[in-house]
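Dear colleague,

I am handing over a structure for your study. Please look through it first, and then read the notes that follow.

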Amino acid sequence: MCDWPLGLVEEVYVFGSYARGALEPNDVDVDVVIEHGTDKRWLGESLDASINGRDSYVGMRQALRGRTRGISFQFRGRSSLLDEGFELFLLWRKGEPFSLARERLASLAADPEAGPAPRGHMLTEFEGLESPVPRPARIELFSRHVKGRISITPLRLVDGELEDPEVAWHVRRRWVETSPLRRAATCALAALEQRGVDLGEVTLHGQRLFGRDQQTEHCFVDLGWSGFGRMGRLLDGGVTWLEVLRPHRSKPMDALLIEPVPRTLQTLA
């Protein structure tokens, strides 16, 4: 793992169904602990991603996953997972040969009695959407929901045309016709139009529509959790969050409409 950013990886653990020997787990949960405090490139690119509403781990995920599907990554989450009682199985540590990781992987014994691991921090609003809602997001939303600080509405997005031609132009300018992000953005904005939201107060995937930064930000539309790092701050500021869970060129798409509850209506916790 000498190439950047893989050279930053310190340890790799597996946990959940796969580590317990389930023969047909829903996915493979991998906790990747990354040491990047002294890497100027990582810090610079992470800051740029945060400012522009992008996920700083996109490149890391792609480098780790390659073309393999069905793997979910938790970055720098070892301590929190241990605190929650998860058993982590060490797969690889920096400096070790990859052959040792293969030996450890082969040592995981299959257990026909081991079913899928129950997912923590679940809400009824997540039913049927367990896989597209990553664990860090489930934890954040679960905590806010049980405290009465947010409401969550699952939405099935439908294809349609945008009524505002300037908004439609904004989407066409940012993404090519075949991009799943163009379709996701169009469906999400159309859903907001139908709800009577002023699109002049919407931030789409890190950019304000129409460039009207002086208007109040009312809603943040996120595509595939790319702006998750901003979620807590924006919800605390009263901004509604619309998350398109899995942008796709043709398949049905689901979204979560996450709305802050006014403080006067929040339950005491």
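A crossing of two helices is called right-handed if the near helix is turned clockwise from the far one by less than a right angle, and left-handed if it is turned anticlockwise. Please note that the model is a predicted one.

With that term in hand, consider helix H6 (residues 165–174) and helix H7 (residues 180–194). Their crossing is right-handed. They pack at an angle of about 160°, and their axes are 9 Å apart. Angles over 145 degrees count as roughly antiparallel, and H6 and H7 are therefore roughly antiparallel to each other. On the H6 side, Val167, Val171 and Arg172 take part in the contact, where they meet Arg182, Ala185, Thr186 and Leu189 of H7. Sorted by class, this contact holds four nonpolar residues, one polar residue and two charged residues.

The second topic is the sheet. In general, the strands of a sheet pair through backbone hydrogen bonds, either parallel or antiparallel. Here, six strands form an open sheet with mixed pairing, in the order S5-S10-S9-S8-S6-S7. Strand S5 (150–157) and strand S7 (207–208) stand at the edges; each has a single partner strand, so one side of each is left without a neighbour in the sheet.

Within the sheet, strand S9 (residues 240–244) and strand S10 (residues 253–260) run antiparallel and are joined by four bridges. Glu243, for instance, has Leu256 in S10 as its bridge partner. Helix H5 (residues 135–146) packs on the sheet, where it touches S5 and S10, and its direction makes about 125° with that of S5.

Yours sincerely

How values were computed:
Residues numbered from 1 in each chain as written. Predicted model: local features only at pLDDT ≥ 70, side-chain atom pairs only at ≥ 80, totals over all residues. Heavy atoms only, no water. Pairing = 2+ DSSP bridges. Helix = DSSP H or I, 4+ residues; strand = E, 2+ residues; numbered from the N terminus. Contact = heavy atoms within 4.5 Å. Axes fitted to C-alpha atoms, helices over the stretch in contact; angles between N-to-C directions. Parallel < 35°, antiparallel > 145°, perpendicular 65-115°, else oblique. Nonpolar A, V, L, I, M, F, W, Y, C, P; charged D, E, K, R; others polar.
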